[in-house]
Amino acid sequence: MYNEIDWDKIDVTTEPPTEEPARQYYFMAKCREWVKGFEQENGRLPAACIQTFGCQMNARDSEKILGILKCIGYMETGSEDADLVVFNTCTVRENANLKVYGRIGQLKKYKAKNPGMVTMVCGCMMQQKESVEKIKKSYRNVDIIFGTHNIYKFAELLAMKLLDSPDSKKMVIDVWENAMEIVESLPAERKYPFKSGVNIMYGCNNFCSYCIVPYVRGRERSRKPEDIIAEIEGLVKDGVSEVMLLGQNVNSYGKNLEKPVTFTELLEKVERINGLKRIRFMTSHPKDLSDGLIEFMGRSEKLCRHIHLPLQSGSSRLLKIMNRHYTKEDYLLLVDKIKKAVPDIAITTDIITGFPGETEEDFNETLDVIEKACYDNAFTFIYSKRTGTPAASMDGQVPEDVVKERFNRLLEAVHRSTARKAAQYLGKTYDVLVEEVNAQEEGYVTGRTGQNYLVHFKGSKNLIGRIVPVRLCESRGFYYYGELAGD
């Protein structure tokens, strides 16, 4: 829709529409008028910098914000010494919050020399009242705060600052506790022209006892399959060959639709899109991964041979306290089913150590799963207390020195696992989607296999966006060096 907008036909002298997304296009048009005035006065376009913290959901949200800004007329920059700076925040761990506060503080020096600079903070961190209160009290250089549920209102919020409104001189705070509306047909600016994330659902209903996500992302809301298919078809026409279907728990997709649709049924529809070459998805909750999905993974011609299947802990006792709804045995059975259906699958995971009450026996159960599952990679974390989650007030907080010692052993176990898997790939040839020129090594390009392994190999920039066969020659742990097959 946004590619077909005739901006001159939007009457910005009238009251804004009440229907979405027409309302947002009205405010984009208003902001475009402001940009014209800025350019005439300054001899340049205003510059915008978006800094993204956290997961792929946040990255996709930032692409939507950038798409709106490009429609308005802003020029993207990597420097925070800009006319507009947006921090899209994560709050999964405390360190993420501390990093954001530090970065907000650094913006004060830029705003001092550019009083017209607009600073905005959004994302998961802003869904926590204590974070908003701290910014209100200590960081008055922030102009606009909004959360995860109303990112589609970005142009309307920005207009409050750019235009002569009653709110233009004060901090604007627009954070919603929840939202059920999904606004379609708004702009997005992709990082890569040949691949894209596609949200299929928002929110989470699982309430794992350590996790803040359901509180900051809200309840599960699935997009209609026809809207998803239409978006992907449009992306393919625009040159996209690979899509990543995104959701906090993609396996529960479609349950809240008026006419329920399973995730496997959605995948089958996506598979039939002409011109689409690769399909990925993120993330799968083990409790909802069906036999039907596993069977589809085995026969699909477009689904990449990679699944991210978070374990969190190998202790069935802790998994129950974590509210994960599966046991160690359930998880290993699932891994076995997946490997039998898709022998060349790569399995990655998330693992936490130091969860309240974790004993040495519990930790050893986790090490046992790593040995038996033989992961291709694992994202390892020290438990981080998140205010508002059940785990934050649990007894048995593990001493810091014990956690650090276990974390080091966890890393060693993961490295052994990944080395075993890497040895199985060496000497074999895989299709690689070339993503970019390697910035560190002249004459090399970088891409990913279907198993999601990063591969560096000699090649020119005209390979970017193409899928080419590459022989894996050397493993460097989490990435490979290879050569074009046949060279």
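Predicted model: local features only at pLDDT ≥ 70, side-chain atom pairs only at ≥ 80, totals over all residues.

1. Residues are numbered from 1 along each chain as its sequence is written, and side-chain values use heavy atoms, leaving out hydrogens and water.

2. Helix 9 (residues 291-299) and helix 11 (residues 328-341) have axes that come within 8 Å and cross at roughly 30°. Helix 9 is therefore roughly parallel to helix 11 (angles under 35 degrees count as such). Across the pair, Asp-291, Ile-294, Met-297 and Gly-298 of helix 9 meet Leu-334, Lys-337, Ile-338 and Ala-341 of helix 11 (contact means heavy atoms within 4.5 Å). By class, this contact has 5 nonpolar, 1 polar and 2 charged residues (Ala, Leu, Ile and Met are among the nonpolar types, Asp and Lys among the charged, and Gly counts as polar).

3. Do look at Thr-418 in helix 13 (residues 400-425). Thr-418 is buried, at 3% relative accessible area (buried means under 20%, with a 1.4 Å probe and protein chains only). A polar atom of its side chain lies 3.0 Å from the backbone oxygen of His-415. Not counting residues up to four places away in sequence, Thr-418 touches Tyr-375, Asp-376, Asn-377 and Phe-478.

4. Ile-352, in strand 13 (residues 346-353), is also buried, with 7% relative accessibility. Beyond its neighbours within four places in sequence, Ile-352 contacts Tyr-210, Gln-312, Glu-358, Phe-381 and Tyr-383.

Note on methods:
Axes fitted to C-alpha atoms, helices over the stretch in contact; angles between N-to-C directions. Helix = DSSP H or I, 4+ residues; strand = E, 2+ residues; numbered from the N terminus. Parallel < 35°, antiparallel > 145°, perpendicular 65-115°, else oblique. Buried < 20%, exposed > 50% of the residue type's maximum accessible area, 1.4 Å probe, protein only. Polar contact = N/O pair within 3.5 Å; in protein donor to acceptor, adjacent residues only side chain to side chain.
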